[in-house]
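Subject: A structure for you to explore

Hi,

Here is the structure I promised to pass on.

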Amino acid sequence: MSQAMLRVEGVGKSFPGVRALDGVDFDLRPGEVHVLVGENGAGKSTLIKMLSGAHQPDEGSILVDGAPTRITSASEAQRLGIATIYQEFNLVPELSVAENLMLGRPPRRWGLVDRKRMRREAEELLDRVGLDLDPARRTSTLGIAQMQLVEIAKALALDARVLIMDEPTAVLTTGEVDRLFALVDRLRDRGVGIVFITHHLEEIPRIGDRVTVMRDGRVVGGAPATAPEEELITMMVGRSISQQYPREAAEAGEPLLQVEGLTRAGAFEDVSFEVRAGEVVGVAGLVGAGRTEVARALFGADRYDSGRVLVRGRPLPAGDVHAAMESGLGLVPEDRKSQGLVLDADIAENLGIVTLGHGARAGFVNRKGRRDAADRVAGQLGVKMSGLGQRVRTLSGGNQQKVVIGKWLLAESSVLILDEPTRGIDVGAKVEIYQLINALTESGHAILMISSDLPEILGMSDRVLVMSRGRLAGELPAAEATQDSVMTLAVSGMEEAHV
Ligand SMILES: Nc1ncnc2c1ncn2[C@@H]1O[C@H](COP(=O)(O)OP(=O)(O)OP(=O)(O)O)[C@@H](O)[C@H]1O
Ligand SMILES: [Mg+2]
């Protein structure tokens, strides 16, 4: 067994009100993929930020090639050959892809930036990660998977020996995950040591060599990547989960949401469906099938060309979010960072944002009532926080997500559209969210759930709508929805597109 290239010993780190890391030991050998898992807020991101120079440990030590080392800045980490791809990317959106790849060290000739060489080197790097695009393109125009590959290309440019990836697959489609894994395999073969954080436990045996489990700032166990999933879940959440998808279908009542012939040229066409009280209707499809676009349009956040949306039988004015919310429609958006949260406000304020107006009494806002309600929802969702006054920016990724969901739960919308509701959420908290979905439908709410997580769609939907290239390709009752039947519909009409 080769010696660890990177070793963390007894590392601790506190933030105001939180012991984020406590006596953590961790190591990484050349040519291995070491997977790091744990509940939201367990300390995974904090641990890797110690290795990338973003945080300093309060106690304990970091050893690089056996020698105690202080990693005091990102450039120091870079010099040591450690590259990190964060949960939030680090690319500069206004710059070109080539400029991002050569950030801070463009090739020069006679003192000037050598544009031609920069372009050639960028092309080579993009080629190594299998990305076929013009290096002169503005980075802001790229899709998420492309940005991620650019980040990896950047790490390759620095000749990183250690590559750290924080939930790289959270935003990728199945095909993109396959490509990422092929790339990771190649890097591993070249001796790069890789730390890989994920909430998708099924990825562990596919990509990992061994796995370390964290809980509440501590390492609670380690296992080979082939360990049974249940064993890892029990270590992660401290109990076993008997049922990952606890859906109990409720009786379907009157239609609460009706969508008729919704069309926007170039995005979606003739989309019609309804969601009844008590139902969970899942929306499956490949990324780019138009699911988010339809959701945003029917909620009034984007325009549409023709068609109608009715809530409780009453037509909604197009493009009017306020009218939609007043009629009882709610949307938990896919892109929470830009649409769901005010990062510099605290949890209480974020939870209150959509409920402003409700709970107002004789012109005064009922602060106590609002606070109690916020407390209750944060508790139900198990938001890991030091208190409702914690700034959302300092919450872990998954806990930020729970706050967005909580916000809409507090708004008590009768029809709730959830766009990728459990992205980045740990296994235990997922089950909590599913139970909340059950409780909502039992009390007569209707749920439209867009998800790229097929097991989640199959496990939680009473009916499944499948979209393909902007059209509704079909509808399946829960009993007929299987991985195969859904995927067949999802790729229908795509043959001519060679996808
Ligand atoms: N800058 C900060 N200020 C205050 N608290 C922080 C800060 N950064 C992290 N924390 C807290 O430290 C704890 C660990 O957070 P961390 O981001 O490491 O979790 P994680 O395991 O990556 O979770 P997730 O799966 O949700 O991404 C959390 O309670 C978080 O709120
Ligand atoms: Mg994290």
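Let me begin with a question: how many residues surround ligand 1, and which are the closest? Please keep in mind that this is a predicted model. The count is 21 residues around ligand 1, and the closest are Gly41, Lys44, Thr46, Ser396 and Gly398.

Glycine 41 uses a backbone N or O atom, which lies 2.8 Å from an oxygen atom of ligand 1. Lysine 44 instead brings an N or O atom of its side chain to 2.8 Å from an oxygen atom of the ligand. Asparagine 40 also takes part through its side chain, where an N or O atom is 3.0 Å from an oxygen atom of ligand 1.

Where the two touch, 19 residues come from domain 1 and 16 residues from domain 2.

How much area do the domains bury between them? The value is about 1,300 Å², with 55% of it on carbon and sulfur atoms. On the side of domain 1, Asn40, Gly41 and His199 lose the most area to domain 2, and together they make up 37% of what that side buries.

Helix α8 (residues 229–237) gives the largest share of the domain 1 side, with three residues. That side divides into eight nonpolar, seven polar and four charged residues.

Finally, salt bridges elsewhere. Side chains of opposite charge can pair when their charged atoms come close. The total count here is 33 salt bridges. In one of them, the side chains of arginine 218 and aspartate 22 meet at 2.8 Å, N to O. Arginine 218 sits in strand β12 (residues 218–224) and aspartate 22 in strand β2 (residues 18–28), so this pair links distant parts of the chain, 196 residues apart.

Enjoy exploring!

How values were computed: Residues are numbered from 1 along each chain as its sequence is written. Chains are lettered from A and ligands numbered from 1 in the order in which they are written. This is a predicted model: local features need pLDDT of at least 70, side-chain atom pairs count only at pLDDT 80 or more; totals for chains, interfaces and linings use all residues. Side-chain values use heavy atoms; hydrogens and water are left out. Contact means heavy atoms within 4.5 Å. Buried area is the accessible area (1.4 Å probe) that two parts lose on being put together, summed over both. Helices (H or I, at least four residues) and strands (E, at least two) are DSSP runs, numbered from the N terminus. Ala, Val, Leu, Ile, Met, Phe, Trp, Tyr, Cys and Pro count as nonpolar, Asp, Glu, Lys and Arg as charged, and the others, Gly among them, as polar. A residue is near a molecule or strand if one of its heavy atoms lies within 4 Å of it. A polar contact is a pair of N or O atoms within 3.5 Å; within protein, one must be able to donate a hydrogen and the other to accept it, and residues adjacent in sequence count only if both atoms are side-chain atoms. A salt bridge is a side-chain nitrogen of Lys or Arg within 4 Å of a carboxyl oxygen of Asp or Glu.
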